[in-house]
Amino acid sequence: MRVKVACVGGGPAGLYLSILLKRQDPSHEITVHERNPEGSTYGWGVTYWRGLLDRLHEYDPESARAVEEHSVTWNEGVALVGDRATRRPGDQGFGIGRHRLLEILAARARSLDVRLEFDQEITDANLPEADLVVAADGVHSTLRGQHADHFGEEIRAGRNHYIWLGTTKVFDAFTFAFVETDHGWIWCYGYPFSPERSTCVVECAPETWTGLGLDRANEADGTALLEKLFVDVLDGHALIGRTSAQVGAPWLTFRTLTNRTWQRDNLVLIGDAAHTTHYSIGAGTTLALEDTIVLADALRGHPSLPDALARYEQRRRRELLSIQSAARYSAQWYENLPRYIDLPPEQMFALLGQRHSPLLPYVPPQLYYRLDKAAGQLEALRRFKRWLGPKVARTVHARALASRK
């Protein structure tokens, strides 16, 4: 059955959904509306893992091949704490420039006769007539915000400050670097996304941010200070702010967004418009694309739109539970960095890799390290850990929900 779809938001989620729906039925009339001019996206590299790439190859091999061809890879992690360094093997990771990813998806969508409209802000006042309207317009979604009471949005700001930068330093591994200052620790996450560029996300506690004067520094002075602090990590390379028409790269606190429901009549939320997960697990774009895959499957398998949207939301909420839990604990690990930073390098890096664990905040770090090391050698302990972790997570989550009532 031919349907008319309006995707509001020209990011990866909106573009990929248009591709999937056109592949399902070329007669669908699909338009992607983007508020910004074409090519003006902000941001640096996007990270993803082999599991997502395999799914992209399954659902649209042509765009998947292009994404893989323009990605860089790594299979190690490096932790630098002052003058101490530890390098460990890990899962294969991928990085691609956000701008390049959007170019690939936009070209593929156009080849399938998807209509792309740029410089077009969509609100209730000019909402296109469509059988289905998809809000893929990010955490600051205009369409969601106009019906905030219906969607039941809740936004919680994290404690730490962070800034999203690029650099001409090309990292050869996913790099965590921690630098001690007179005002506390400041750290960065660095990963490559092209042969010439890397992403560098810098984070610190609020007292460090104000103590270093980063709350008052202009862009040039703030960047110069960060380059000085991370000179050994960057090997003297420059840090770069935004490259779009949006001047300057702001310091932010991460906004964790949840919604009571993701649908209203024929309007449905996907990606960051529906949910956000802390950037420290590197899953934002992956989760948005997985939303589109599940939504497209639901629309194909359920002729009734209300049934399809209900199926999509039910399935994605279930799939997101463990990931959202991991993201919460990852953010808390960094917010409680002094608890771990003085451990021997191999222990600190091991617990950095275990930061998603719901058990870690409740077990002394060195004891957890010894137990985790033993669990790696004994199957009975591995089974006990797999049983206890989710049990603790559910208990803590239930108490958190009860405290908000």
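Close-up 1. At 13% relative accessibility, Phe254 counts as buried (under 20% relative accessible area; over 50% would be exposed and in between partly exposed, with a 1.4 Å probe and protein chains only). Tyr279 is buried too, at 14%. Their ring centres sit 5.8 Å apart with the planes at 70°, so this pair is edge-to-face. For Phe, Tyr and Trp (its six-membered ring), rings pair if their centres lie within 6.5 Å; planes under 30 degrees apart are stacked, over 60 edge-to-face, and the rest tilted. Phe254 belongs to strand S13, while Tyr279 is in the loop between strand S15 (267-269) and helix H10 (284-301), 25 residues apart. Helices (H or I, at least four residues) and strands (E, at least two) are DSSP runs numbered from the N terminus.

This is a predicted model: local features need pLDDT of at least 70, side-chain atom pairs need 80 or more, and totals for chains, interfaces and linings use all residues. Numbering runs from 1 along each chain as its sequence is written, and side-chain values use heavy atoms, with hydrogens and water left out.

Close-up 2. Trp209 and Trp251 make a tilted pair, 6.4 Å centre to centre with 55° between the planes. Trp209 lies in helix H7 (residues 206-211) and Trp251 in the loop between strands S12 (239-240) and S13 (252-258), so the pair ties together parts 42 residues apart in sequence. Trp209 is buried at 17%, and Trp251 is buried at 18%.

**Close-up 3. Arg144 in helix H5 (residues 142-145).** Leaving aside residues up to four places away in sequence, Arg144 touches several residues, including Phe151, Glu153, Asn259 and Asp272 (contact means heavy atoms within 4.5 Å).
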